[in-house]
Amino acid sequence: SFQADRSDFVLDGSGSEGANNFGKQLQFVVNFTNQFEIGDNNTRVGLLTFATAVHTEFYLDAVHDNATLQKKILAANYPNGETNTHLGRSGFFPHHL
């Protein structure tokens, strides 16, 4: 088990990515975060998606254990919108730092 302060993930939910590849992104995040102990005094994780718009799935302080984190990650909705990579960056910085 690794120790990290926080991990924020920004996932591409555009139509060009496709639902199958979006699912692979979600599974990657699950696999990666399984290496950490999740909690207020441990690693905190945030997740947002971008496509036509940015959507915050959950903020850093919203999940307090590994099981809940996995459920929330896998419940993320595939936006299937336009590819606006710049929105992922701009949506991430004001809300997650």
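Guide: Let us begin with a definition: helices (H or I, at least four residues) and strands (E, at least two) are DSSP runs, numbered from the N terminus. This is a predicted model, in which local features need pLDDT of at least 70, side-chain atom pairs count only at pLDDT 80 or more, and totals for chains, interfaces and linings use all residues. Residues are numbered from 1 along each chain as its sequence is written, and side-chain values use heavy atoms, with hydrogens and water left out.

Visitor: How far apart are F28 and F32 in helix α1?

Guide: An α-helix has 3.6 residues a turn, so residues three or four places apart point the same way. Here F28 and F32 are 4 residues apart in helix α1, and therefore about one helical turn separates them.

Visitor: How are aromatic pairs read, and how many does the structure hold?

Guide: Rings of Phe, Tyr and Trp (its six-membered ring) pair if their centres lie within 6.5 Å; planes under 30 degrees apart count as stacked, over 60 as edge-to-face and the rest as tilted. The structure holds 4 aromatic pairs. In one of them, the ring centres of F28 and F32 are 6.0 Å apart and the planes meet at 20°, so this pair is stacked.

Visitor: Is F32 buried, exposed or partly exposed?

Guide: Buried means under 20% relative accessible area, exposed over 50%, and partly exposed in between (1.4 Å probe, protein chains only). With a relative accessible area of 30%, F32 is partly exposed. The rings of F32 and F36 have centres 5.4 Å apart and planes at 50°, so that pair is tilted. F36 counts as buried at 10%, whereas F28 counts as exposed at 52%. One aromatic cluster is formed by F9, F28, F32 and F36.

Visitor: Which residues does Q25 touch, leaving aside those up to four places away in sequence?

Guide: Contact means heavy atoms within 4.5 Å. Apart from such sequence neighbours, Q25 touches L11, D12 and E17. Q25 lies in helix α1, residues 18–33, and is buried at 16% relative accessible area.

Visitor: What is a salt bridge, and how many are found in the whole structure?

Guide: Side chains of opposite charge can pair when their charged atoms come close. A salt bridge is a side-chain nitrogen of Lys or Arg within 4 Å of a carboxyl oxygen of Asp or Glu. A search of the whole structure finds 2 salt bridges. In one of them, R44 pairs with D5, the closest N and O atoms being 3.9 Å apart. R44 lies in strand β2 and D5 in the segment before β1, so the pair ties together parts 39 residues apart in sequence.
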